[in-house]
Each structure stands twice: as C-alpha cells, then as structure tokens.
Amino acid sequence: MTSEYQKMIAGKPYYPSDSELVQLSKESRQKQNTFNNEENPKEGAKIIKKWFGSTGENVYINRWVVVDYGINIHIGENFYSNYNLTMLDVCPITIGKNAMIGPNCQFLTPLHPLDPTERNSGKEYGAPITIGDNFWAGGGVTVLPGVTLGNNVVAGAGAVITKSFGDNVVLAGNPARVIKEIPVK
C-alpha cells in the first residue's frame with residue numbers, strides 16, 4: 001500500500017490531512033519557528049542541515065523561511081539565500097551548488113485541480129522543481145511546479161518561471177522568457 005506521503009512526493013493526488021503528513025508539517029513548523037528566531041547564522045545553518053533533506057556543508061540562509069516539510073528540499077554546496085525564502089516542498093525541490101537566492105523568492109511545488117468538484121474534495125498534487133548549478137535568482141523570483149532549469153541560469157528580479165529552460169540563459173518577465181544567452185568561457 002502506498003502512503004499519502006509517497007503519493008505526495010511522487011506527484012500523485014494525495015490528502016494533506018493524512019495524519020502522517022499533519023505530523024510532518026507540525027514538526028517542520030517547529031523547526032521553522034526555531035530557525036526564524038535564531039539570530040546566529042552558524043546556529044541557523046545547523047538547524048537547516050538537520051531540517052532539510054540534504055545540504056552542502058556551506059549553507060547560509062537569512063531568517064524568515066517558510067516551508068511545508070523541509071525533508072523534501074535538497075540544496076547543494078555554497079547555497080545562499082537572502083530574507084523571506086519560501087519553499088513549498090510537497091514534491092522535491094533540488095537546487096545544485098553555488099546558488100544565490102535574492103529576497104522574497106518562492107519555489108512552489110503544490111498544485112490543485114482546476115475542476116472545482118475535484119478541488120473541493122481536499123485532494124492535492126504537485127510537481128518537483130529541479131535547478132542546476134550556479135543559479136542566481138534576483139529578488140521576488142517565483143519558480144512554479146514542474147520547472148527544471150539547467151546550469152548557469154540567472155533569473156531577473158520578479159521573474160515568474162512557469163516552464164523549463166536549459167543551460168546558460170538569463171530569464172526575465174512574467175511568464176519568464178530568455179532575454180539573453182550567457183557565453184560559456
């Protein structure tokens with residue numbers, strides 16, 4: 001039998017009111033509260049490393065983080081985030097090494113049915129977000145469910161990334177589009 005958690009991270013319809021998911025969410029909120037009240041960045045990094053699914057050794061995240069579970073977030077070495085990071089991880093969020101995340105950025109994996117009867121049933125689903133190495137997100141960038149980005153991607157401030165893009169591009173706008181290619185040296 002497949003648990004609601006297994007359905008959730010696989011992107012299948014699931015019930016978020018399942019007791020296991022409610023408990024995981026409660027534990028995450030407690031860690032979130034502890035992290036957001038920690039003033040020492042080194043202590044904050046220790047909390048993140050125990051909370052998230054996996055991290056690199058060098059992680060710096062400013063306060064005011066909001067996540068669903070934390071355990072489905074995987075960030076690489078040399079991860080930096082400015083204030084007000086939101087990562088809703090009903091499906092895995094994976095970001096490679098050397099990421100720089102501006103303030104007020106959002107990584108959103110949850111989805112809800114368009115049909116109102118289905119939506120009102122309480123079932124939800126999601127799609128993972130996967131981002132390569134050397135990602136730079138300006139302030140207020142939003143990455144939507146199911147997006148995969150290659151290596152060396154820059155997202156300009158306020159970009160809303162609704163679809164996947166390959167390597168070495170600068171994205172901007174809503175919906176985000178390629179505005180420049182980055183020459184590889």
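Predicted model: local features only at pLDDT ≥ 70, side-chain atom pairs only at ≥ 80, totals over all residues.
## Packing of α2 and α3

Two packed helices are described by the angle between their axes and the distance between the axes. Here the pair is helix α2, residues 19-36, and helix α3, residues 41-51. Their axes are 10 Å apart, and the angle between them is about 165°. Angles over 145 degrees count as roughly antiparallel, so α2 is roughly antiparallel to α3. The crossing of the two helices is left-handed.

## Residues in the contact

Which residues make the contact between α2 and α3? From α2 come S28, K31, Q32, T34 and F35. From α3 come G44, I47, I48, K50 and W51. By type, the residues of this contact divide into 4 nonpolar, 4 polar and 2 charged.

Is A45 buried or exposed? Its relative accessible area is 12%. Buried means under 20%, so A45 is buried.

A45 can also be placed relative to F35, which sits 10 residues away along the chain. The C-alpha atoms of A45 and F35 are separated by 8.6 Å.

What does N36 touch, leaving out residues up to four places away in sequence? The residues touched by N36 are R63, W64 and V65.

Methods. Residues numbered from 1 in each chain as written. Heavy atoms only, no water. Axes fitted to C-alpha atoms, helices over the stretch in contact; angles between N-to-C directions. Helix = DSSP H or I, 4+ residues; strand = E, 2+ residues; numbered from the N terminus. Parallel < 35°, antiparallel > 145°, perpendicular 65-115°, else oblique. Left-handed = near helix turned anticlockwise from the far one by under 90°. Contact = heavy atoms within 4.5 Å. Nonpolar A, V, L, I, M, F, W, Y, C, P; charged D, E, K, R; others polar. Buried < 20%, exposed > 50% of the residue type's maximum accessible area, 1.4 Å probe, protein only.
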